[in-house]
Amino acid sequence: QVQLVESGGGWVQAGGSLRLSCAASGSIFRIDAMGWYRQAPGKQRELVARVFTSIGSTVYSDSVKGRFAISRDNAKNTVDLQMNSLRPEDTAVYFCNAGTFRGSSWNYDFWGQGTQVTVSS
């Protein structure tokens with residue numbers, strides 16, 4: 001099993017910045033990708049950003065490109081999300097996620113407990 005613990009959420013005014021951090025423990029050798037999702041009230045959970053741990057490539061949702069940056073530290077088993085130019089629509093609970101690639105498929109089964117990010121206008 002993999003355990004994920006997030007930190008760094010909070011409240012910020014529009015235009016401000018926050019940094020989220022996620023620490024992985026347990027069977028970390030299984031992790032092939034780490035990322036961040038978010039879920040706003042009444043909306044589906046959506047991918048924000050992902051990094052593939054072995055090669056370092058990243059993907060971002062269109063809504064955060066150019067404003068958010070994901071980074072990982074494989075030695076510390078952490079992944080951070082730097083969020084700049086925050087907007088009220090970025091308000092959501094942010095979840096850390098870890099994925100594994102086995103056979104020919106990806107499984108993004110491991111989740112943190114979530115951390116609230118609130119951006120006021």
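This is a predicted model: local features need pLDDT of at least 70, side-chain atom pairs count only at pLDDT 80 or more; totals for chains, interfaces and linings use all residues.
Local features are reported at pLDDT of at least 70 and side-chain atom pairs only at pLDDT 80 or more, while totals for chains, interfaces and linings use all residues. Residues are numbered from 1 along each chain as its sequence is written, and side-chain values use heavy atoms, with hydrogens and water left out.

Strands here are DSSP runs (E, at least two residues), numbered from the N terminus, and two of them pair if DSSP finds at least two bridges between them. Four strands build an open sheet with antiparallel pairing, in the order 1-3-8-7. Strand 1 (2–7) and strand 7 (68–73) each have a single partner strand and stand at the edges, so one side of each is left without a neighbour in the sheet. From one strand to the next, the twist averages 15°, an angle taken between lines fitted to C-alpha atoms in their N-to-C directions, on a scale from 0 to 180 degrees. Strand 7 and strand 8 (residues 78–83) run antiparallel and are joined by six bridges; Ile70, for instance, has Leu81 in strand 8 as its bridge partner.

Beyond four places in sequence, Tyr94 touches residues including Leu20, Trp36, Phe68, Leu81 and Met83, contact meaning heavy atoms within 4.5 Å.

Most residues other than glycine have a negative phi. Asn77, in the loop between strand 7 and strand 8, has a positive phi near 60°. Ser85, in the loop between strand 8 and strand 9, also has a positive phi, near 50°. Asn77 is partly exposed at 24% relative accessibility, and Ser85 is partly exposed at 41%.

Finally, Ala14 lies in the loop between strand 2 (10–13) and strand 3 (18–26). Ala14 and Arg87 are 73 residues apart in sequence, yet their C-alpha atoms are 5.0 Å apart.

Note on methods
Buried means under 20% relative accessible area, exposed over 50%, partly exposed in between (1.4 Å probe, protein chains only).
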